[in-house]
Amino acid sequence: MATINKIGLQGKWNLSNGKKENVMNNGKVLGVDFNYSHYHNKRRFSLVIKSCNHGSTYKKVDTINGTKVNGLQVVEAPKKLSTDVALVTNGKFVEGRFVFRQIFVIRSYEIGPDRTATMETLMNFLQETALNHVTSSGIGGDGFGATREMSLRKLIWVVTRIQVQVQRYSKWGEEIEIDTWVDAAGKNGMRRDWIIRDRCTKEIITKATSTWVIMNRETRRLSKIPEEVRRELSPFYIHRIAVASEERDCEKIDKLTDDTAETTQSGLAPRWNDMDVNQHVNNVKYIGWILESVPIKVLEDYNMTSMTLEFRRECTQSNMLESMTCPTERVIGESDNNSVNRKPDLQYTHLLRLQDDKRDVVRARSEWKLKQSQQ
């Protein structure tokens, strides 16, 4: 019968030939575990090296006291989060109860081939922050971001338009800080804005703005905002904008046709997991389908710096979609009332439509910068 003993060594220890040296990497003490077993009268040892340092990135450890560990390179574990637990889990209010803040860490499954967060990842973060904002406000109902009065009336929110501007994409392991707030948009709409900052430097790296309207969950028809719902929301309204008026993409997005589209990808089928709790395709899922018709060379060599989505119709699991894309000669930055800094290297117009009757689901416009020009 084997007997197993585990001896944990922590601190400054010598592991070879009685030398009085410390187990360190760049001045950082390592933890050491010995696993000892006795099996068939044979003693077996295994050495486990643990990092006691909480550095911000992985640190390479080639040797211990000048000797390679099993001939392999050892890698320290990354640091544990030192941030406020509430900010990372559910977020919290700042600036009174007008602005809601949440922190996210870019995970390995949220990055693309260039090891940075994708547009879909950012959109998921925006959605999560918005929903937690409603939940934490104390007015949340049983719907997907609906208030109590909305739930009583079987009403839900639907987004009609969203614009996201990206200065740079965060890398794997980086922490970002998202602020969100709401304001009235006309008589029967609501505007929600977001600002994403680098958690360490506080640099603004993404800005987004969106407009929302209310729909009846059963009839699927748009509804006016009931006065009871307005009274719930108005205490949280703050007159602040994330995207300056000269940078806002308010222009109509042209409709693509079979004649005007340069590339078309058909046979896109929503899956069960693409549905949200309101039984239609989650808004973020549309981005991946839009990119299906973007030339691969553009995806490889350019970064998307802006995307504007105009939602025209719901999509369910039974629908088949077509993705269409066409380059656009006109650029937003050329108009007199827009900043020239927004002039992109490339601009595309997109359309997602139902494959059977060709009805529009989402119209979109994207702007791209050559990756080298952003370095």
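Predicted model: local features only at pLDDT ≥ 70, side-chain atom pairs only at ≥ 80, totals over all residues.
Four elements each supply at least two residues of the lining: the helix α2 (119–137) and the strands β11 (155–166), β13 (190–198) and β14 (204–216). The most comes from α2, which gives eight residues.

Next, the nonpolar cores. In soluble globular proteins, nonpolar side chains tend to be buried together. Here the largest nonpolar core holds 61 residues. Within this core, Met 119, Met 123, Tyr 286 and Leu 309 touch the most other members. Take Met 123. Leaving aside neighbours within four places in sequence, Met 123 is in contact with Ile 162, Val 164, Val 284, Ile 287 and Leu 309. Another core lies apart from the largest one. This other core has six residues, including Val 99, Trp 181, Ile 195 and Ile 238.

Now the chain as a whole. The protein chain has 375 residues, and 46% of them are buried. Its secondary structure comprises six helices and 20 strands. Consider contacts between residues at least 6 apart in sequence: 66% of them join residues at least 24 apart. The accessible surface of the chain is about 20,300 Å². Carbon and sulfur atoms account for 49% of that surface.

Terms used:
Residues numbered from 1 in each chain as written. Heavy atoms only, no water. Core = buried A, V, L, I, M, F, W, Y, C linked by side-chain atoms within 4.5 Å. Buried < 20%, exposed > 50% of the residue type's maximum accessible area, 1.4 Å probe, protein only. Contact = heavy atoms within 4.5 Å. Areas by Shrake-Rupley, 256 points an atom, 1.4 Å probe, with all protein chains shown as cover.
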